[in-house]
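Please examine the sequence and the structure shown below. A short report on the fold follows them.

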Amino acid sequence: MIYVTADIHGYYEAFLHLLREIDFSQRDFLYVIGDTIDKGPESFRVLEHIMNTENMELILGNHEEFLLEGLKSRVYGKRNFIDMELWFKHGGEETFEEYNRMSAEQQQRIFRFLSTRPLYQILGSTVLVHGGVIPKKKQYSSWRELMEEQDRQTLLWAKEEFLMHPFDINLEGRVIFGHTPTSEIQRVRGEKQTPGVVWRNGKRMGIDGGYLFGGRLIAICLDNDRIYYVK
Ligand SMILES: [Mn+2]
């Protein structure tokens, strides 16, 4: 079975709980669509668990991007579009300190791993992405065509413009994304708020259950659409 989850944000115990809930085994595959780190207590235990498990793949989120860009600006002394202050304000300070306490070898492993992760994944007619996608037209020949016109900023950070988009494109299938807790999506859209529940709208599905805000960690099985929740 193929599973997808998102926005674990350093909550390693909850992540393990989720793996038990879905009865995750060697025959399965798990996609984590970003934001494994920051805010929760055990960022690198989450990240390293995914790194060390062959049948798991990480798709980058904006918090992995914070770490990557933070490290690049330290290593190369250059200032990237991401401000360290902004990252620290969003829970990055402890992550950065923990990283600095690691061995050089371990630091390199993590840096190499993050630098080579994809920004999205297309699985048949399902697209996995952290932030979102903003279609610029209504007709596409394939999801690939739609995804190739997206910029990095949108894929990692999309908010209102994606959430409020009519998303009336001709493609069959759906985009599964994290990044914005589903109750925040509902708030932005003026819908009734039901925290910690999957958000569905036409060809979009939000699965960030806002675990760190008292919501739930969510996983979906792509083979049968079964949803799993961890409180
Ligand atoms: Mn995010």
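## Basis of the report

This is a predicted model, in which local features need pLDDT of at least 70 and side-chain atom pairs count only at pLDDT 80 or more, whereas totals for chains, interfaces and linings use all residues. Residues are numbered from 1 along each chain as its sequence is written.

## The chain as a whole

The chain contains nine helices and 10 strands; these are DSSP runs numbered from the N terminus, helices being H or I of at least four residues and strands E of at least two. Its C-alpha atoms fill a box of roughly 50 × 40 × 35 Å along the principal axes.

The radius of gyration is 17 Å, which agrees with the value near 17 Å for a compact globule of 231 residues. This radius is taken over C-alpha atoms, and the globule rule is 2.2 Å times the number of residues to the power 0.38.

## The five-stranded sheet

Five strands form an open sheet in the order S4-S5-S6-S8-S7, with mixed pairing; two strands pair if DSSP finds at least two bridges between them. Strands S4 (120-123) and S7 (199-201) stand at the edges with a single partner strand each, so one side of each has no neighbour in the sheet.

S7 and S8 (residues 204-206) run antiparallel and are joined by three bridges. Arg200 has Met205 in S8 as its bridge partner.

## Helix H1

Within helix H1 (residues 12-21), the residues Ala14, Phe15, Leu18 and Leu19 are buried. They lie on the same side of H1 because they cover an arc of only 145 degrees around the axis, the arc being that of the directions from the helix axis to the C-beta atoms. A residue is buried if 20 or more other C-beta atoms, placed from the backbone, lie within 10 Å of its own.

Strand S1 (2-5), helix H2 (43-51), strand S9 (217-221) and strand S10 (227-230) are among the elements that cover the buried residues of H1. Just after H1, Asp23 has a positive phi of about 55 degrees.

## The nonpolar core

The largest nonpolar core has 49 residues, of which Val4, Val32, Ile33, Ile59, Leu128 and Val129 touch the most other members. Such a core is a set of buried Ala, Val, Leu, Ile, Met, Phe, Trp, Tyr and Cys residues joined through C-beta atoms within 7 Å.

Leaving aside residues up to four places away in sequence, Leu128 touches residues including Val4, Ile33, Ile59 and Ile176; contact requires C-beta atoms, placed from the backbone, within 7 Å.

Key:
A residue is buried if 20 or more other C-beta atoms lie within 10 Å of its own, exposed if 12 or fewer, and partly exposed in between; C-beta atoms are placed from the backbone. Two residues are in contact if their C-beta atoms, placed from the backbone, lie within 7 Å.
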